[in-house]
Amino acid sequence: MRDKVDILVSNGLIVTMNEERRVVENGYVAISGDRIIDVGIGDGKEKYVAEEMIDARHHIVLPGLMCAHTHFYGLLLTGSPWFMKIDPPTDFQQNLQRIWWALDVLLSHEEAYASALMGSIEFVKSGVTFFFDNISAPNAINGVLDYIERAVNEVGLRGYLSFEATQRRSLQEGVEGLKENERFIRKNNMDEAKLVKGAIYLHASFTVSNDLFVRARELADKYHALLSIHAEEGLVDVYHSIERYGVRPIERMERLGFLRDDVILVHVVNATDDEIKIIRKTGAHVAHNAMSNMLNAVGVAKIPEMIEHGINVGIGNDGYIFDHFENMRATYLIHKVWRRDPRVMTPLQILEMSTVNVARMFKVWKELGSIEAGKKADIILIKPELPSTPVNSKTVYGHLINTVNSRDVKTVIVNGKLVMKDRVILNIDEEKSIDYVHKVVEKLWDKLLAKGEYQLDVLEKP
């Protein structure tokens, strides 16, 4: 008598990412409801009968990838004519003033929704099933996270959503940003059935007062919510903190009691060795965004050193390139050339930074991040189109980091439900959705060209 399951993935190369990093050649995964109930060798058909049978022959079966940090609204500027109108920024601060802050003050709820719809589509196509997004839209704060949530739910992904609380224009605006995060957390985080949850986000040390740090910490404690902040992405963050507070940003956060194991520090490009020790001591995590750091020319974070110190690091995209395999490959390569040591970073480490490490960061390691019986069924199937060498248990990590790209992702399962099958997204009409997004973006670009201005606001002094 065979047991009935909802989905049976058969004959695949199963990269479990369990504690032993077990890889099963010619294996199966049985899914019932939202859970993985069995992982074994063979096709599983002697034990199970399924409503949905998936032949994973010549496929890599992998836990859903996780993006440690993103901005959906970053997609709204891809190829924008705004770049032709402005004076080219010469450093990170001018990037913010002339590009991102000029954009965010014009964003509406509809544009937030459109960006999340496009980003969710790109994530599914890239095999990302869980992410941490934050939006900056100072003139559309109230309720904006609901619009992003709607888009993510329509596609069928998991995510943490947050509003980027900042006081670059006024102290009160930062408080309003925290209120939006609190509202969304209260609405979503107590419901286990919801795939989209809320978190708390602060922009950066140089746009946030001590009071806002303390308020954010109190909210995180009250709701057991994740906290995140851009940290030392550019030198403006460091110089501002030293000038105003006499300490570097991560030192300042430690003194305020902000840093704990529920905090995700994003970028951490300019941290000193002493600050790295602080991160390790407090248990905070780091979201690394190699391609964005290259784009903004801010430098290369000391990721190998952080890993050596035992800091948990995950890979994000910072709203730039949504093909997660490109971000993994960039992370794999940049530290080798930066340290002039080809031994730095291994394919397995990179894959860990996109699965189990982010699961730890997101506080979901007991439920997600690996393919194991009892865990949630977030699984992707990858079929390399042109593998130059055999793909097997001995070579699979190398292929995932060196040869696979998002076009090889064929099937995506989230919470036990098919979200994409044979490259077709099932919950939405992809073509109509993209057409809609493009119309919204064209109107936004017209608005940006007509009304866009450099944003030179500075934080009010307490």
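Predicted model: local features only at pLDDT ≥ 70, side-chain atom pairs only at ≥ 80, totals over all residues.

Modeller: Residues are numbered from 1 along each chain as its sequence is written, and side-chain values use heavy atoms, with hydrogens and water left out.

Start with helix 7, residues 235-245. Helices (H or I, at least four residues) and strands (E, at least two) are DSSP runs, numbered from the N terminus. Asp-237, Val-238, His-240 and Ser-241 are buried in this helix. Buried means under 20% relative accessible area, exposed over 50%, and partly exposed in between (1.4 Å probe, protein chains only). Look down the axis of helix 7: its buried residues fall within an arc of 170°, so they line one face of the helix. The arc is taken from the directions that run from the helix axis to the C-beta atoms. Tyr-239 and Glu-243 sit on the other side of helix 7 and are exposed.

What covers the buried residues of helix 7? The cover includes strand 11 (227-231) and helix 8 (249-255). Just after helix 7 comes Gly-246, with a positive phi of about 80°. Tyr-245 has Arg-252 over its face, at 3.7 Å from the ring centre. A charge sits over a ring if NZ of Lys or CZ of Arg is within 6 Å of the ring centre and within 35 degrees of the ring normal. A second case is Arg-150: its charged end sits over the ring of Tyr-113, 4.1 Å from the centre.

Next, the core. The largest nonpolar core has 120 residues. Such a core is a set of buried Ala, Val, Leu, Ile, Met, Phe, Trp, Tyr and Cys residues joined through side-chain atoms within 4.5 Å. Leu-202, Phe-258 and Leu-265 have the most contacts inside this core. Helix 3 gives the most to it, with nine residues. Take Phe-258 and leave aside its neighbours within four places in sequence. Its contacts (heavy atoms within 4.5 Å) are Leu-202, Phe-213, Ala-216, Arg-217, Leu-227, Ile-229, Met-253 and Val-263.

Helix 3 spans residues 109-126 and holds Ser-115. Is Ser-115 buried or exposed? Ser-115 is buried, because its relative accessible area is 1%. Beyond neighbours within four places in sequence, Ser-115 is in contact with Phe-72, Tyr-73, Leu-75 and Leu-76.

Now the rings. Phe-130, Phe-132, Tyr-160, Tyr-201 and Phe-362 form one aromatic cluster. Rings of Phe, Tyr and Trp (its six-membered ring) pair if their centres lie within 6.5 Å; planes under 30 degrees apart count as stacked, over 60 as edge-to-face and the rest as tilted. By this rule there are 15 aromatic pairs.

Arg-329 is in helix 12, residues 324-339. Go back to Asp-237 for a distance. From Asp-237 to Arg-329 there are 92 residues in sequence and 28 Å in space, C-alpha to C-alpha. Leaving out neighbours within four places in sequence, Arg-329 is in contact with Leu-400, Ile-401, Asn-402, Thr-403, Val-404 and Asn-405. A polar atom of the Arg-329 side chain lies 2.8 Å from the backbone oxygen of Ile-401.

Move to the strands. Strand 1 (residues 3-15) contains Ser-10. Ser-10 counts as buried because its relative accessibility is 2%. Residues up to four places away aside, Ser-10 touches Gly-27, Tyr-28, Asp-43, Lys-45, Ile-54, Asp-55, Ala-56 and Arg-57.

Asn-26 is in strand 2. Asn-26 is not a glycine, yet its phi is positive, about 55°. Its relative accessibility is 41%, so Asn-26 counts as partly exposed.

Gly-33 lies in the loop between strand 2 (23-32) and strand 3 (35-41). Gly-33 is partly exposed, because its relative accessible area is 39%. Apart from neighbours within four places in sequence, Gly-33 is in contact with Asp-6, Asn-415 and Gly-416. Asp-133 is 100 residues along the chain from Gly-33, and their C-alpha atoms are separated by 27 Å.

End with Arg-423, in the loop between strand 17 (417-421) and strand 18 (424-425). Arg-423 is a residue other than glycine with a positive phi, near 75°. At 24% relative accessibility, Arg-423 counts as partly exposed.

Note on methods:
Polar contact = N/O pair within 3.5 Å; in protein donor to acceptor, adjacent residues only side chain to side chain.
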